Structure formats: structure tokens, C-alpha cells
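Please open the structure in a viewer and keep the selection panel at hand.

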Amino acid sequence: MAREISIYNTLTGKKERFVPIKPNEVRMYACGVTTYDHYHIGHALQAIYFDIIRNYLEYAGYKVTYVRNYTDVDDKIIARAKERGISPLKLSQDIITSSEEDMAAIGCRKADHAPKVSESIPEIIAMVEVLIKNEAAYATKSGDVYYRVRAKQDYGKLSNRKIEDLLSGTRNIVEGEKEDELDFALWKADSTPEASWPSPWGLGRPGWHIECSAMAKRYLGDHFDIHGGGRDLVFPHHENEIAQSESANKSKFANVWIHNGLLTIEKQKMSKSLGNQITLKDFLKNWPGESLRLAYVQYHYRSNIDFQKDTFIQAHKRLFYYYSSIQALDLAGKEQAPGKVIEKYSPDQIREKFHEAMGDDFNSSLALGELNKAIKNASEVLRLKNSPEKSATATGLAKIFRECLGVFGLLSHPPQETLNYLRTMILPELGITELEIQKAMSDRKTARTDKNFARSDEIRDQLAQKGIELMDTPAGTDWKIKYDGA
Ligand SMILES: [Zn+2]
């Protein structure tokens with residue numbers, strides 16, 4: 001039996017108990033990207049949150065079918081392809097191939113189905129035909145097809161808009177052959193090579209909204225559990241998807257609508273023209289994908305997120321702290337043959353707290369806070385004298401941390417390699433080199449041999465100010481990136 005969870009539903013404006021259509025199964029659709037340029041970290045935000053939602057639903061015991069489409073037919077793609085002198089589908093395919101590498105590097109699993117618009121044309125045409133038959137749409141002389149918004153009584157229910165409020169000040173001015181200025185395109189007459197297809201209305205291509213309606217129907221049926229995307233898609237995209245699908249299928253569309261918050265960089269929208277756009281490729285040149293996931297997971301998916309200069313460096317340091325904690329627990333687990341787990345550090349309690357937080361509208365921020373507390377407590381275990389109980393507890397804790405942080409897509413790499421990598425990446429940010437640390441450590445050793453403890457402490461403090469912590473162990477002195485772990 002899957003666990004009971006609650007989800008905030010944009011459609012009702014409330015957090016509700018989630019009731020799957022088929023017991024223990026979830027069918028979920030999230031809108032993918034328009035493939036005209038490489039992904040930036042804003043695209044990654046939506047991909048990562050839905051990846052985590054899917055992971056958590058599975059962890060909670062649901063069988064999930066996840067669909068995430070590619071919009072590979074679009075004005076922007078056609079314009080960009082023209083600039084480059086290549087075909088629109090070639091441009092799209094290049095972007096899809098490269099973005100799949102990026103997605104893998106940030107630990108996002110492939111969707112069960114990743115349909116492309118260019119491969120869904122028969123389904124789209126079939127749906128538009130049904131809409132015309134149901135009098136929810138009409139074709140014009142020039143070969144466009146429009147959806148008749150006023151024919152849908154409850155149009156606006158997702159975004160809480162009334163039809164009257166949607167009318168702009170310029171009443172009665174209806175563009176082209178539209179019956180009503182509110183109507184939106186389902187099919188556009190067009191003859192761009194490789195971006196147009198024959199249809200009952202002549203050569204053309206689909207409008208944006210109908211694509212998702214048709215692809216969702218193909219893989220998930222008329223009525224399914226969850227549909228989602230970024231908050232900027234609520235209106236008009238998702239509103240129009242609901243209208244089309246319900247008018248064509250004569251059935252409710254998705255039960256639950258999930259929308260993630262949006263990303264700003266130091267309070268500004270990310271854009272190429274402002275020069276503050278961070279592509280995933282640039283990010284991944286310098287940092288592991290897990291740092292990006294960690295930076296996002298610390299927020300609730302519905303929050304708007306503002307990244308500050310030090311957001312990433314804090315995430316890298318925290319990631320370092322997680323990996324060093326897990327490595328220490330692994331080692332402690334091997335010290336002795338395991339005995340009984342110490343009750344105070346029971347992994348079951350940690351798992352339960354994690355479920356409580358994540359089962360409440362996927363509250364990753366709270367869940368991560370609980371894990372942070374547990375990881376901090378785990379350092380008490382590491383300080384215990386070696387015993388079978390200590391080893392069993394350390395092993396149990398390492399396992400539960402991997403399990404829960406694994407839902408967030410974290411701790412998926414071998415600790416030592418990752419720590420080495422993170423050390424070399426973080427040092428330039430701290431303004432110190434490994435050579436300088438080694439030199440300081442050797443100076444401190446000399447000072448200690450000379451019993452000049454004031455000097456030895458001074459060196460330790462200077463390093464601490466730079467964010468480097470020295471650890472004196474029986475095997476000698478080692479250093480790590482300082483992080484309080486709170
Ligand atoms: Zn969509």
C-alpha cells in the first residue's frame with residue numbers, strides 16, 4: 001500500500017489528500033521545454049522538482065508513469081534555425097541530444113515517455129477534428145483553426161479568471177478571421193519546410209497548447225492524476241490545455257495541478273539580455289550537478305527562489321559536509337562486527353520524519369531540515385568509543401541518509417572521489433590554494449615541535465578564517481572545508 005500524502009492543487013487552491021484514480025498508481029505529465037536553445041538553470045529547476053516529486057511518489061509506494069514532452073515545433077525554433085541555416089527539426093534534435101546529457105549530469109532520470117510534437121501530428125490533428133465536430137473549434141478560410149473560448153462555460157477555472165475579465169480594452173476588434181478575440185489557435189496555416197504538415201485544413205502546424213493535450217492523452221489517457229509545470233504556465237497554457245482536453249474528451253482532464261515557483265538571480269529575472277543567464281553547461285563546467293539539486297531542495301517547490309552570489313558556494317560546502325559525514329559513518333560502520341542499533345539514533349524515526357515532511361505537499365525544505373538535524377546528531381555517534389553498537393548505528397545511519405537524500409538525487413557518487421573534486425573546486429572560491437594549506441600545516445607542525453603553541457594556534461585560526469578546518473588525528477593532521485552543518 002502506498003502512503004497517504006497531500007498535495008496543493010492549483011485547481012482548487014487548497015492542499016488536499018491525494019486520491020489516485022487507480023489505487024497505488026500515479027499518472028503524471030509535466031510540460032517540457034521548447035527546444036531552441038540550451039537549458040539554463042531555470043529550466044533545470046522545473047525538471048529537478050518534478051524529478052523529486054516522481055522519486056518521492058515512488059518512495060512512498062506508488063507506481064508512477066511520468067511523461068515530459070519536448071516542444072520541437074515553434075516560432076522561436078523556426079527563427080533560430082533560419083539564423084543558423086539549418087532545418088528546424090535538426091536544430092531541435094541537436095538541442096534534445098545535448099539537453100539529455102545535461103539532464104543526466106544533474107541526476108534527472110529520463111521520463112517514461114518523452115514525446116516530441118513533430119512525432120505527434122496525427123494525434124494532434126485527430127483531436128482538432130473532434131473539437132471541430134464538438135463545435136468547440138472552427139476552421140477559417142485561410143486554414144487556421146481556433147478554439148471557441150466562450151463555448152466553454154467554466155473556462156478560467158485554473159487561473160481563477162472570468163471570461164469578461166479577459167477581454168482587453170479593445171472590444172469588438174477581432175484580429176483576422178477569428179470569431180472572437182479570446183479564441184486561440186489550435187492549428188496555424190504555414191508552409192515552413194520541415195515544420196509544416198498536411199492536414200484537413202491545408203498545410204500547417206499545431207498551436208502550442210493543443211500539443212500537450214494530445215501528447216498527454218496519448219500516453220496517459222483522457223483523465224489522469226497529476227499535471228504540472230512552472231507557475232508561469234498556469235495562464236494561458238494550462239488553462240487552454242484543460243479547455244481543449246475537456247471539450248474533446250468529454251471527460252475531466254487532470255485531477256491535480258502542481259506548479260513550481262520561479263527563479264530569479266539577485267532579484268532579477270534571468271535573461272540573456274541582462275547577461276545573468278547561467279546555462280547548465282556553464283554550471284556543470286565548474287560544479288557537480290548535485291550542488292544545483294541541493295540549492296533547490298532547500299526551498300519548497302512552490303516558493304519563488306532568489307539566488308544570491310553565495311547560494312552555490314553554500315550548497316557546495318553543504319554537499320561536502322554530507323559526503324564527509326557519510327564517509328565517516330561508512331568507516332565507523334566497519335570498525336567492529338555490528339551489534340544492536342542505539343535506539344536514540346534509530347533510522348526508522350528519521351525515515352518517518354522524512355515521510356511526514358515530504359508527504360505534506362513535497363515539503364523538501366522541511367525534510368532537508370530534519371535530515372540536517374539527524375546528520376548533526378550522527379556526529380555524536382562518530383565520537384563514541386568503538387563498539388558493536390556504534391558500528392551498527394553508523395551503518396544504519398549511512399543507509400538511511402543515502403535512502404532519503406537519494407530521493408532528492410543526492411549522495412549518488414562515491415564519497416572519496418566527490419570530496420576530492422569538491423575540495424579542488426571550492427578552494428578558489430575561498431581564496432586559498434592547496435599548496436598554501438600544505439605550507440601552513442607544515443609551519444604549524446614545526447611550531448608544535450618547538451612547543452610554540454601560540455604560533456600553532458595562530459596558524460589554525462588563520463586557516464579557519466579562510467574556511468579551512470584542521471583535524472588532528474592519530475595518523476597526522478588533515479584538513480577539510482569548514483561547514484557548521486546547521
Ligand atoms: Zn504543456
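**Before selecting**

This is a predicted model, in which local features need pLDDT of at least 70 and side-chain atom pairs count only at pLDDT 80 or more, while totals for chains, interfaces and linings use all residues. Residues are numbered from 1 along each chain as its sequence is written, and side-chain values use heavy atoms, with hydrogens and water left out.

**Stop 1: the whole chain**

Display the C-alpha trace of the protein chain, which spans about 95 × 50 × 40 Å along its principal axes. A cartoon view shows 16 helices and 15 strands; these are DSSP runs numbered from the N terminus (helices: H or I, at least four residues; strands: E, at least two). Of the 486 residues, 53% count as buried. Here buried means under 20% relative accessible area, exposed over 50% and partly exposed in between, computed with a 1.4 Å probe on protein chains only. Among the contacts (heavy atoms within 4.5 Å) with a separation of 6 or more, 76% come from residues 24 or more positions apart.

**Stop 2: the domains**

Colour residues 6–281 as domain 1, 311–419 as domain 2 and 431–481 as domain 3; such bounds come from an automatic or database domain assignment. Between the C-alpha centres of domain 1 and domain 2 the distance is 39 Å. At their contact, 14 residues of domain 1 meet 14 residues of domain 2.

**Stop 3: helices H9 and H10**

Select helix H9 (residues 289–297) together with H10; the two pack at an angle of about 105 degrees, and their axes are 8 Å apart. The axes are lines fitted to C-alpha atoms over the stretch in contact, and angles run from 0 to 180 degrees between N-to-C directions. H9 and H10 are therefore roughly perpendicular to each other, a class that covers 65 to 115 degrees. On the H9 side, show Glu290, Ser291, Leu292, Leu294 and Ala295. On the H10 side, the contact residues include Phe312, Leu319, Tyr322 and Tyr323. By class, the contact has eight nonpolar, three polar and two charged residues. In this scheme Ala, Val, Leu, Ile, Met, Phe, Trp, Tyr, Cys and Pro are nonpolar, Asp, Glu, Lys and Arg are charged, and the others, Gly among them, are polar.

**Stop 4: salt bridges**

The whole structure holds 37 salt bridges, each being a side-chain nitrogen of Lys or Arg within 4 Å of a carboxyl oxygen of Asp or Glu.

Begin with aspartate 75 and arginine 205, whose closest N and O atoms are 2.6 Å apart. Aspartate 75 lies in helix H2 (residues 75–84) and arginine 205 in strand S8 (residues 204–206), so this pair ties together parts 130 residues apart in sequence. Aspartate 75 is partly exposed, at 43% relative accessible area, whereas arginine 205 is buried, at 8%.

Next, select glutamate 246 and lysine 152, a salt bridge with its closest N and O atoms 3.0 Å apart. Glutamate 246 belongs to helix H7 (residues 234–249) and lysine 152 to the loop between strand S6 (145–147) and helix H5 (163–166), so the pair joins parts 94 residues apart in sequence. Both residues are buried.

Then move to glutamate 380 and lysine 344, which meet at 3.2 Å, N to O. Glutamate 380 is in helix H12 (residues 364–383), and lysine 344 is in the loop between helix H10 (311–333) and helix H11 (347–358), 36 residues apart. Glutamate 380 is partly exposed at 29% relative accessibility, while lysine 344 is exposed at 61%.

Finally, select Asp37, Arg80, Glu83 and Lys272, which salt bridges with shared partners join into one network.

**Stop 5**

Which residues does histidine 355 contact, leaving aside its neighbours within four places in sequence? They are Arg3, Tyr56, Tyr59, Ala60 and Asp360. Histidine 355 sits in helix H11 and is buried, with a relative accessible area of 7%.

Alanine 447, in helix H15 (residues 434–449), is buried at 6% relative accessible area. Beyond four places in sequence, alanine 447 contacts Asn452, Arg455 and Ser456.

End at methionine 471 in strand S14 (residues 468–473), which is partly exposed at 25%. Not counting residues up to four places away, methionine 471 touches Gly476, Thr477, Asp478, Trp479 and Lys480.

Definitions and conventions:
Angles under 35 degrees count as roughly parallel, over 145 as roughly antiparallel, 65 to 115 as roughly perpendicular and the rest as oblique.
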